[in-house]
Amino acid sequence: MASIDSPLTISLALLACWAVVGAVGLLRPHSVALVGRVLFPLGAIIGVGLAIVAALSLTEPVEHATLYIGLPDLPMHARLDNLSRVFLALLGSASAGVSLFAAGYFRKGEGTAPGVMGLQYHLFLASMGFVLVADDAYAFMVAWETMALTSYFLVTAQHGIPEIRSAGFLYLLMAHVGAIAILLSFGILQGGTWLFSFDAMRQSTLSTPWATAAFLLALFGFGAKAGLLPLHVWLPEAHPAAPSPVSALMSGVMLKTAVYGVLRVTFDLIGDPLWWWGLVPLALGLATAIYGVVFAAVQTDMKRLLAYSSVENIGVLFTGIGLAIVFHGVGMTELAALALIAVLYHSINHAFMKSLLFLGTGAVLHATGERNLGRLGGLIHRMPWAAWLTLVGVLAIAGLPPLNGFVSEWLLLQTFLFSHEVPQPFVNMLLPLGAAIVALAAALAGYVMVKFFGIVFLGQPRESSLAVAHDVDGFEKAGLVWLAIGCVLLGLLPNQVIHALGAATEQLLGAAPNLAGQSWWMLAPLTERDVSYAPLVLLAVIVAVIAATFLIVRVVYRRPVRRVPTWDCGFGRLDPRMQDTAEGFGQPIRHIFVSFFDMERDLPSPLDHAPRYRVKVSDRFWKGVYLPIAALLSRAAKSVAWLQQGRISVYLTYSFITLVVLLAVML
Amino acid sequence: MSAVAWLTQFLEVLAALVLAPLFLGWVNACRAWLQNRRAPSLLLPYHGIRKLFHKDAVIAESASPLFRLAPYVVFGAMVAAAAVIPSMGTGLPFRSAADAIALVGLFAIARVFMSLAAMDIGTAFGTLGARRDMMIGFLAEPALLMVIFVASLLSATTALPLIAERLVIQPLALYPSLAFTAVAFTMVLLAENARIPVDNPATHLELTMIHEAMLLEYSARHLALMEWAAALKLFNYACIGFALFVPWGASIGSTGIGALALSLPALLAKLAVAGLWLALLETVSAKLRVFRAPEFMATAFMFAVLGLLVHLLLGA
């Protein structure tokens, strides 16, 4: 039993505080002053507290607690180990930035009342936290469902709009399909003991087929939440529908609870995954990464673009999980630890980068009311704070050194370089090719991000209404700054982060990268190879060169700068409409990856009076997978509906037949 | 770190800064000879850069601070890249700061900033160039990474100076995998440095431009930095090629002043041959349509992947 000042108790208390903070908002549900200026900042402080408690307790032993809530004689169990701590730290630190931003974001008269919104938001946070500390299937599923439901209500905050309602429905549907699979997986994991605590599941031994089934069900269930191919379709619908801070939380943090779930089930509850299981998440992850990033490149809605980019990152994460399982299964534990570190590191990185970008789109959305890339542009002049802070996120997620996205990518690529040593024929030749796909996805992510930032913030405003766009205010700025600083620090101090994450891999796999005796600024995670990376030195060199060049150029060539209108080749006035559109920027991708898309095109003919060009790119999985399933379901429902004749006599006949059958069986 | 190591480091960056425009001039001169034209002066690129530095800068009204920052970032990234490429010696103090993957990242920084700057003014040509350059880039970057992977599988490290060092120390052998990757690398080099067949550095037709289209709005010192950075990029790529495929001649480790002194003529000789080779390649090939460029790059990528497979199959 945990003592009163143990990290677990404090964490649980902080989670309860989130719920209380949310509930307080109900006192005056329409007061923006109370909810926005008091409660959301309080939520941010709780988040910071949670992150500190979780990070500081990484060296402490595992803690257990029994909570006497819920059904009588069925207490809930909580447990705090290093995996939970890592993800709690992620939840706390990333949500702090989002909460700060949200403090300035929610305004009157936009869908749900601020107080109700605050309650849903903080319950969502608390339930995500509880998912991470739950230690039995009941507690886990209750928290998981609370998470799904609160986020459903947050997504449908503006429920007056039909598209948002249908996006919310799709999200709820996928969440529940996933939840059923997770529940079934837990059902297998209890292994005939009928004890649903995670401790019992750790002790039960399963035969290989059953363990495989449990793993695949968990992968399906958590994959539905994470957006693994082909279960990704809800992401690009739900993220644009939700208010931006909610999109940030869902994409930045909630998707990571699914990663947590897969890691928990695979490495903790099952315990000794077979090596070839890893090939499934590896292959799916690589496919998801490429698919997500290619679709991100052709989007015209900035939040859909980011949603598809999240799909890509989930792909990268699952690729890492797959590698970790393979390495662990064949006994290369140190490399498994490194792959797992890459996964955890990338989870944290993505939480910061993607939250930052979604909040940046939130700022743009508030300032302009536009999500369509084709109507934005030139906002760096009107919104310098939002633009430059978003640029940090853009460069980070494009995987550029010395920011954080590069570090986790670097770790993953380094791990891939060892995959040819896996003692399995064929597999050891195919695995290194995965590195090619990861590299391609990373390079495409750069393309996507140049498109995103260039079209939204650079160039000339495509609409005259953009001239009155306003920059972010105090709280919003603070939230963006917090996340941007996180991106920079996570990029510059990889050793410290990896050392902390090593505690989690030590607990799960019994191995951690050996960083002892290394300089604090130099990352060299593999002892047997000379690979190293020192982001601080790299940054110092680049900054020194830039500063020196700048000074020399300024001192030696003191020539003035003249500002003139853009040269129009002598043809008359340039028009902002002449800039590349989002469709135009995505055109090379549509051309190269043409087989990925389900494309409809209307091309104007030269004789048209009102020429119209239209291209619609949709997901092949809709037509290929989802619509057939939906059609099948409705056909099945129709055939069952035949039973519903609508006359009482018929129903009484059914009862009669049922009774007769029952009697026949009984006797 | 010994004094020689720091000297090597300093001389290498200096050599990159000084020799890069000369190398560009040499390639142009060779091309002119091969095409039966009178060659321009080898020093022409220096004159161009000097002239640009002495001009008043003209900047479009719709330019943001990012537009003025970009040339410095691009130049800084290229100089930083030159600091970790073993052009003269392998005992570089900075070699543990950035390995070959980080090197690819440095090139990516330059590309991203250049594309963003091209989009900043908001003209049709700028965005067109940015889009095309990013298209070339996302195909070239993984191909380059695969090339580096093959070399690092051969030498058990991803640090470029160490790769060069170990390839020299190993007994001379022909690696079939390196042959494939050399083809891939040459193709990447041509594409990334805006050479024929992917782009034409001498073109004045905006619709076919890639690299030049992105620089249309730059003038004076900003343009000078961009041009210099482009020359540095070509020089850097050539030196990466030397490190991976002909590492002989560079001073190994920190062997002393003598080896370092010998490494400069070796570098010059390698550059001379590489420039001639590049000019020959450009002369015998025709520029591809923009939409053939992805196929060209995909071929490079497949060659690099093939090199990887060959290495894994044959272990060499």
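In which sense do β3(A) and strand β1 (residues 57-60) of chain B pair? The legends below concern a predicted model, in which local features need pLDDT of at least 70, side-chain atom pairs count only at pLDDT 80 or more, and totals for chains, interfaces and linings use all residues. Residues are numbered from 1 along each chain as its sequence is written, while chains are lettered from A and ligands numbered from 1 in the order in which they are written.

View 1. β3(A) and β1(B) pair in the parallel sense over four bridges; two strands pair if DSSP finds at least two bridges between them. Helices (H or I, at least four residues) and strands (E, at least two) are DSSP runs, numbered from the N terminus. Arg562(A) stands opposite Val58(B) in β1(B).

**View 2. The contact between the chains.** Chain A gives 65 residues to the contact and chain B gives 69 residues, where two residues are in contact if their C-beta atoms, placed from the backbone, lie within 7 Å. Elements of chain A that each supply at least two residues include α16 (404-416), α20 (535-556) and β3 (561-564). The largest share of this side of chain A, 14 residues, comes from α17(A). The side of chain A that touches chain B has 45 nonpolar, 14 polar and six charged residues. Ala, Val, Leu, Ile, Met, Phe, Trp, Tyr, Cys and Pro count as nonpolar, Asp, Glu, Lys and Arg as charged, and the others, Gly among them, as polar.

**View 3. Helices α12(A) and α17(A).** Helix α12 (residues 302-329) of chain A packs with α17(A) at an angle of about 160 degrees, their axes being 11 Å apart. Axes are lines fitted to C-alpha atoms, for helices over the stretch in contact, and angles run from 0 to 180 degrees between N-to-C directions. The two helices, α12(A) and α17(A), are therefore roughly antiparallel (angles over 145 degrees). Residues making the contact include Met302(A) and Leu305(A) of α12(A), and Gly434(A) and Val438(A) of α17(A). The contact of α12(A) with α17(A) has nine nonpolar, three polar and one charged residues.

**View 4. Helices α2(A) and α3(A).** Helix α2 (residues 32-56) of chain A and helix α3 (residues 82-105) of chain A pack at about 160 degrees, with axes 7 Å apart. α2(A) is therefore roughly antiparallel to α3(A). Their contact comprises 15 nonpolar, eight polar and two charged residues.

Definitions and conventions
Parallel < 35°, antiparallel > 145°, perpendicular 65-115°, else oblique.
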